[in-house]
Amino acid sequence: MNYHYPIDPDWSTEEVMQVIQFFNTVESAYEEQVTAKQVLDDYKQFKSVVPAKSEEKSMFKTFEKETDYIPYRVVKKAQELNEQDSFSMT
């Protein structure tokens, strides 16, 4: 599906790609399966672009309104598992 990702126009192309990759992984967690490692690695890259918790919460809320997918739940689930474990949010 095509979504409008919460993107800051001041970010570099690389930063935009890192944020989009994280949100793509969240989508995959709901539509397919992902590994905990993939989620955590992509989240780490996301956090390098969006270090402030308040900005993260705002972006997560915007993404959730757009997609009905909840990034927080995906990250939390990944943190509860071993890195090699695969999971789906469905």
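1. In this predicted model, the buried residues of helix 2 are covered by elements that include helix 1, strand 1 (34-35), helix 3, helix 4 and strand 2 (86-87). The residues concerned are Ala-36, Val-39, Asp-42, Tyr-43, Phe-46, Lys-47 and Val-49. They span an arc of only 145 degrees around the axis, and therefore lie on the same side of helix 2.

2. As for its dimensions, helix 2 has 14 residues and reaches 20 Å from its first C-alpha to its last, which is close to the 20 Å expected at 1.5 Å a residue.

3. When neighbours within four places in sequence are left aside, Lys-47 is in contact with Ala-52, Lys-53 and Glu-56.

4. The largest nonpolar core holds 26 residues, of which Val-19, Phe-22, Phe-23, Phe-46 and Phe-87 touch the most other members. Helix 1, helix 2, helix 3 and helix 4 (71-80) are the elements that give two or more residues to this core, and helix 1 gives the most, with seven residues. For Val-19, again leaving aside neighbours within four places in sequence, the contacts are Pro-6, Ile-7, Trp-11, Phe-46, Val-49, Val-50 and Met-59.

5. Turning to the aromatic residues, the count comes to twelve aromatic pairs. In one of them, the rings of Tyr-5 and Phe-63 have their centres 6.1 Å apart and their planes at 10 degrees, and the pair is classed as stacked because planes under 30 degrees apart count as such. Tyr-5 lies in the segment before helix 1 (13-31) and Phe-63 in helix 3 (residues 53-67), so this pair ties together parts that are 58 residues apart in sequence. Phe-63 is buried, with a relative accessible area of 0%.

6. Phe-22 and Phe-23 form another aromatic pair, which is tilted, with 5.4 Å from centre to centre and 55 degrees between the planes. Phe-22 counts as buried at 1% relative accessibility, and Phe-23 is likewise buried, with a relative accessible area of 0%. Both residues belong to one aromatic cluster, formed by Tyr-5, Phe-22, Phe-23, Tyr-43, Phe-46, Phe-60 and Phe-63.

Terms used:
Residues are numbered from 1 along each chain as its sequence is written. This is a predicted model: local features need pLDDT of at least 70, side-chain atom pairs count only at pLDDT 80 or more; totals for chains, interfaces and linings use all residues. Side-chain values use heavy atoms; hydrogens and water are left out. Contact means heavy atoms within 4.5 Å. Rings of Phe, Tyr and Trp (its six-membered ring) pair if their centres lie within 6.5 Å; planes under 30 degrees apart count as stacked, over 60 as edge-to-face and the rest as tilted. Helices (H or I, at least four residues) and strands (E, at least two) are DSSP runs, numbered from the N terminus. Buried means under 20% relative accessible area, exposed over 50%, partly exposed in between (1.4 Å probe, protein chains only). A nonpolar core is a set of buried Ala, Val, Leu, Ile, Met, Phe, Trp, Tyr and Cys residues joined through side-chain atoms within 4.5 Å. The expected span of a helix is 1.5 Å times one less than its number of residues. The arc is that of the directions from the helix axis to the C-beta atoms.
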